[in-house]
Amino acid sequence: MKVLPFKIPKPENDAFIFQVDYADAFYDKLHQHEEIQISFIVAGEGTLIVGDTINYYTKDDVLVIGSNIPHVFKSDLNASGTSHMLSLFFSKQSFGSHFFKLDTLNELGLFFKRAKHGFKVTSKKNQFKNWFLKIENSTKLNQFIILLQLLKLGSTCNYKSLSSFIYDKKYSDNEGHRMRNVFTYTMDNFESDITLNTIAEVANMTKNAFCKYFKKRTNKTYIQFLNELRLEHACKLLLSNKDLTVSEVAEKSGFNNMSNFNRQFKVVKNMNPSEFRKQAL
């Protein structure tokens with residue numbers, strides 16, 4: 001199996017795949033696949049990068065990742081034990097090229113529109129959960145019926161888009177490995193100092209070439225991406241560890257300058273770190 005892009009392995013006569021991920025951590029390499037992915041987080045939490053955007057996932061989240069959107073799950077091993085996820089994979093062509101164009105299924109069109117950028121379900125979560133928990137012990141026919149029920153729910157629920165920008169071309173194998181290496185290095189080392197020269201070496205490019213390359217594929221500079229990753233980690237620490245001071249949170253998130261931390265935090269969150277922590281109380 002290629003790391004990125006790769007195809008979801010499935011029997012020749014199966015139109016969709018039900019998959020159970022149960023381990024210490026989810027697959028943590030940047031990847032993309034043609035299939036749309038609908039996932040329910042049974043247990044675990046961590047960082048989810050979809051396209052150009054950093055998100056966090058936790059228990060009971062329902063996530064939809066559209067066709068060929070680059071994404072990566074990074075489980076937080078310190079915050080939870082076993083990671084457990086139930087997923088369905090299918091494409092718009094899984095049941096024939098005209099199946100989802102049938103008038104009978106018109107009301108599912110909104111699901112596919114939302115899926116283009118990926119989305120996180122924010123309402124009707126118990127209904128999603130109940131359907132997912134029935135899948136594992138269901139026949140293939142009943143799994144198909146449940147899939148349609150999930151698509152219907154995904155067309156009517158409230159939601160939050162997971163990404164604002166999607167690079168409209170599939171990554172080649174070389175691009176996939178390069179971006180995978182960049183994302184993996186960044187997620188493993190964001191708490192330390194990462195210079196443009198350092199990350200350009202990881203990508204095996206000159207600094208100027210890398211900056212242009214990354215901006216074209218994510219619609220943001222690498223420094224913007226790095227700061228957003230650090231800020232999301234800081235938000236998590238502010239909420240989950242009240243014993244840490246704001247300056248300690250900044251340091252543990254890769255910011256060695258408090259003024260810069262406060263400035264970057266306010267740009268992204270429209271408030272300072274102390275206000276963010278108080279608001280959540």
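In what order do the three strands of the open sheet stand, and is their pairing parallel or antiparallel? The points below take up this sheet and then the aromatic rings.

1. The model is a predicted one, in which local features need pLDDT of at least 70 and side-chain atom pairs count only at pLDDT 80 or more, while totals for chains, interfaces and linings use all residues. Residues are numbered from 1 along each chain as its sequence is written, and side-chain values use heavy atoms, with hydrogens and water left out.

2. The three strands form an open sheet in the order E4-E3-E6, and their pairing is antiparallel; strands are DSSP runs of E with at least two residues, helices are runs of H or I with at least four, and both are numbered from the N terminus, while two strands pair if DSSP finds at least two bridges between them. Strand E4 (53-57) and strand E6 (71-75) stand at the edges with a single partner strand each, so one side of each is left without a neighbour in the sheet. From one strand to the next, the twist averages 20°.

3. Strand E3 (residues 46-50) is joined to E6 by five bridges, and the two run antiparallel; valine 50 stands opposite histidine 71 in E6. Helix H4 (residues 173-189) packs on the sheet, where it touches E3 and E6, and its direction makes about 25° with that of E6. H7 also packs on the sheet, touching E3 and E4, with its direction at about 20° to that of E4. Contact here means heavy atoms within 4.5 Å, and the axes are lines fitted to C-alpha atoms, for helices over the stretch in contact, with angles from 0 to 180 degrees between N-to-C directions.

4. Threonine 53 has its place in strand E4, and its side chain is joined to that of aspartate 52 by a polar contact of 2.8 Å (a pair of N or O atoms within 3.5 Å; within protein, one must be able to donate a hydrogen and the other to accept it, and residues adjacent in sequence count only if both atoms are side-chain atoms). Leaving aside neighbours within four places in sequence, threonine 53 is in contact with Leu48, Leu162, Ser163 and Ser164.

5. A search of the whole structure finds 27 aromatic pairs; rings of Phe, Tyr and Trp (its six-membered ring) pair if their centres lie within 6.5 Å, and planes under 30 degrees apart count as stacked, over 60 as edge-to-face and the rest as tilted. Phenylalanine 95 and phenylalanine 100 form an edge-to-face pair, with 5.9 Å from centre to centre and 70° between the planes. Phenylalanine 95 is partly exposed at a relative accessible area of 22%, whereas phenylalanine 100 is buried at 11% (buried means under 20%, exposed over 50%, partly exposed in between, with a 1.4 Å probe and protein chains only).

6. Why does the pair of phenylalanine 210 and tyrosine 222 count as edge-to-face? The ring centres of phenylalanine 210 and tyrosine 222 are 5.7 Å apart and their planes are at 65°, so the pair is edge-to-face. Phenylalanine 210 lies in helix H6 (residues 207-218) and tyrosine 222 in helix H7 (residues 222-240), so the pair ties together parts that are twelve residues apart in sequence. Phenylalanine 210 is buried, at 0% relative accessibility, and tyrosine 222 is buried at 3%.
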